[in-house]
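Please look over the sequence and the structure before reading on.

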Amino acid sequence: MTKKILILPGDGIGQEVTSSMSEVLHYLIDEQSLDFQISERKVGGSSYEEFGTPLTDETLKIAQNSDAILFGAVGGPQWDNLEWDVRPEQALLGLRKSLGLFANLRPAFLFNELASASPLKNHIIEDLDILIVRELTGGVYFGEPRGIVENETPKYGFNTMIYNEDEIRRIAKVAFEAAMNRDKKLCSVEKANVLEVSKFWRSIVSEMSSDYPEVELSHQLADNTAMQLVLNPNQYDVIVSGNLFGDMLSDIAATLSGSIGMLPSASLNSSSQGMFEPCHGSAPDIAGQGIANPIAMITSLAMAFEYSLERVDLARRIESAIKIFISKGLRTKDISNSKEFIQTKEVAPSIINILKDEHE
Ligand code: NAD
């Protein structure tokens, strides 16, 4: 069956890194004669400039009918003072909400050759390979009631941290299944010592573990996980957490591997439809200079092959080509520790050459 892919380059380096990713995608389409239908649309600030909105109804409709959305990045200082509902970031929220993308998968891994780029000592960080599964559409970020009350003394602000059983089960299922495909270790992270919602989360995740007898389940308090991620990150395989703690932990994990330009992410719904994007933003400070690292975007394509396009084999090939690329000493500016580095536009052709060599 034809697979539909929507490419949304966005703003700043989003356009540069998606262009490199597209080259790899088109190479694989030709090599494998893949039956893919590809569309490309503006999103974020560039969509606002042309259509007065960061996400048009037409783009949203194409996204809803796509198997995979490959998203670059949005935003930039020129749009920082716009009204809230037309700011570039609203496009992301609109897509996540309308597609019901509740599961955010953020791998954090290190190529040992790049260990010196990590803020941690080599022996702590070597062989890092963890996956953080963050609940993305619930918890305190969306809980009601919420608000700021100004007509009482003292004034106050409040939010509600809430998870129902179904929301916990569906994210835990994604995490257990991911663990089954990896080292079969799952750590569920919350604050069950102080929050009822966390106690409830822990009880549901524990209950589900009987469906996955091969997965070794542990529970940890979020503050301890933040510390452990820095002290001994290799103790983890898969971590599952709610929206708030997952937000913090995935950023800590992203920092461990040195450059944000290396790390992909996937946001999935229950029909395996997904949006795949690098962890970084539009990097206005380097946009247009041709020095952005497109590897996070290219590994996001690998995640799309794995989770939404039913071609895990191609995901593994892209990942292995990137490993070879790094082992050959090829470096973009952000991961180079010398004055020698290659330009963004040189990355995809090198990776395609490796894919070709490995295919022959
Ligand atoms: P950023 O991730 O864009 O940049 C942080 C730093 O990392 C910058 O110094 C940048 O040059 C560097 N960097 C990021 N990606 C890189 C890459 N691929 N190669 C080399 N270096 C890279 O974060 P920021 O500066 O806080 O935000 C810039 C804009 O991006 C803001 O408008 C923000 O709202 C937006 N943003 C968008 C997303 C998204 O679209 N998902 C995510 C985060 C930030």
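How many nonpolar, polar and charged residues make up the lining of the largest pocket? The lining divides into 16 nonpolar, eight polar and 13 charged residues. The model described here is predicted, and the points below are grouped by topic.

**The largest pocket**

- The largest pocket holds about 1,100 Å³ of space.
- Its lining consists of 37 residues, and those nearest the centre are Leu-131, Arg-182, Glu-306, Tyr-307 and Arg-316.
- Domain 1 (1-102 + 269-360) and domain 2 (106-259) each supply at least three residues to the lining of the largest pocket.

**The second largest pocket**

- The second largest pocket contains about 850 Å³ of space.
- It is lined by 28 residues, and Glu-89, Leu-92, Leu-93, Arg-96 and Arg-134 are the closest to its centre.
- Two or more lining residues come from each of strand E3 (68-73), helix H4 (89-99), E4, helix H9 (243-256), E11 and strand E12 (274-278).
- Helix H4 provides the largest share of this lining, with seven residues.
- By class, the lining of the second largest pocket comprises ten nonpolar, ten polar and eight charged residues.
- Here too, at least three lining residues are drawn from each of domain 1 (1-102 + 269-360) and domain 2 (106-259).

**Helix H1**

- Helix H1 covers residues 13-32, a run of 20 residues.
- At 1.5 Å a residue, H1 should span 28 Å, and this agrees with the 29 Å that separates its end C-alpha atoms.
- Is H1 mostly covered or mostly uncovered? H1 is mostly covered, since 14 of its 20 residues are buried.
- Ser-33, which comes just after H1, has a positive phi of about 45°.

**Asn-151 in its loop**

- Asn-151 lies in the loop that joins strand E6 (147-149) to strand E7 (156-158).
- Why does Asn-151 count as exposed? The cut-off for an exposed residue is a relative accessible area over 50%, and Asn-151 is exposed because its value is 70%.
- Along the chain, Asn-151 and Gly-76 are 75 residues apart, and their C-alpha atoms are separated by 36 Å.

How values were computed. Residues numbered from 1 in each chain as written. Predicted model: local features only at pLDDT ≥ 70, side-chain atom pairs only at ≥ 80, totals over all residues. Heavy atoms only, no water. 1 Å grid on protein atoms, 1.4 Å probe; cavity = no way out; pocket = protein on both sides within 12 Å on 5 of 7 lines; lining within 4 Å. Points joined across faces, edges and corners; volume = space filled by probe spheres on them. Nonpolar A, V, L, I, M, F, W, Y, C, P; charged D, E, K, R; others polar. Domains from an automatic or database assignment. Helix = DSSP H or I, 4+ residues; strand = E, 2+ residues; numbered from the N terminus. Expected span 1.5 Å × (residues − 1). Buried < 20%, exposed > 50% of the residue type's maximum accessible area, 1.4 Å probe, protein only.
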